[in-house]
Amino acid sequence: QVQLVESGGGLVQAGGSLKLTCAASGPTGSKWLMGWFRQAPGKEREFVARLLGNVGRTYYADSVKGRFTISTDNAKNTVYLQMNSLKPEDTAVYYCAADAHFTTTPRYWGQGTQVTVSS
């Protein structure tokens, strides 16, 4: 069974940086889709970034493009989200997600990690 465990969230001032980590276990692989989503209080969960392992391409929401970077360490079965120039509107619970193929609704989700950006 696939399990995803996020870490690295916390409180940071606007303009600061955080790096989220998602450790994957179970039958995943380097060709899998790995992604990050977030949900702010009172809002729908939204897409942040994804990496298509089978083609090595990355995609970002317009709101984070140029500030966030998704990457993987296949040897460690881990995906990262480097977040720079953080803004108060980035405050949310961030979730790691994965699937064996491209989809906008991944099957596997982590428990989430809170990111709070103070102004």
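A: **Glu6 and its surroundings**

A polar atom of the Glu6 side chain lies 3.0 Å from the backbone nitrogen of Gln111, and the backbone nitrogen of Cys96 lies 2.7 Å from a polar atom of that side chain. In a polar contact, a pair of N or O atoms lies within 3.5 Å; within protein, one must be able to donate a hydrogen and the other to accept it, and residues adjacent in sequence count only if both atoms are side-chain atoms.

This is a predicted model, in which local features need pLDDT of at least 70 and side-chain atom pairs count only at pLDDT 80 or more, while totals for chains, interfaces and linings use all residues. Residues are numbered from 1 along each chain as its sequence is written, and side-chain values use heavy atoms, with hydrogens and water left out.

Glu6 lies in strand 1, where strands (E, at least two residues) and helices (H or I, at least four residues) are DSSP runs numbered from the N terminus. With a relative accessibility of 5%, Glu6 counts as buried; on this scale, buried means under 20% relative accessible area, exposed over 50% and partly exposed in between, with a 1.4 Å probe and protein chains only. Not counting residues up to four places away in sequence, Glu6 touches Thr21, Cys22, Trp36, Tyr94, Tyr95, Cys96, Gly110, Gln111, Gly112 and Thr113, contact being heavy atoms within 4.5 Å. Phe47, by comparison, is 41 residues from Glu6 in sequence, and the two C-alpha atoms are 16 Å apart in space.

Two of the residues that Glu6 touches, Cys22 and Cys96, are themselves joined by a disulfide, with an S to S distance of 2.1 Å. A disulfide is a covalent bond between the sulfur atoms of two cysteines. Here it is identified as a pair of cysteine sulfur atoms within 2.5 Å, and by this rule the count comes to 1. Because Cys22 lies in strand 3 (residues 18-25) and Cys96 in strand 9, the pair ties together parts that are 74 residues apart in sequence. The torsion about the S-S bond is about -75 degrees, so this disulfide is left-handed. Cys22 is buried at 0% relative accessibility, and Cys96 is likewise buried at 0%.

The Asp99 side chain is joined to that of Arg107 by a polar contact of 2.8 Å. Leaving aside neighbours within four places in sequence, Asp99 is in contact with Trp32, Leu33, Thr105, Pro106, Arg107 and Tyr108.

Asp90, in turn, forms a salt bridge with Arg38 (2.9 Å, N to O); the term means a side-chain nitrogen of Lys or Arg within 4 Å of a carboxyl oxygen of Asp or Glu. Asp90 lies in the loop between strand 8 and strand 9 (92-99) and Arg38 in strand 4 (residues 33-39), so the pair ties together parts that are 52 residues apart in sequence. Both residues are buried. Asp90 also meets Arg67 in a salt bridge of 2.8 Å, N to O, and that pair links the loop between strand 8 and strand 9 to the loop between strand 6 (57-60) and strand 7, 23 residues apart. Asp90 has a relative accessible area of 1%, and Arg67, also buried, one of 10%. Salt bridges that share partners join Arg38, Glu46, Arg67 and Asp90 into one network.

The whole structure holds 5 salt bridges, among them the one between Lys65 and Asp62, with the closest N and O atoms 3.0 Å apart. Asp62 is exposed, with a relative accessible area of 66%.
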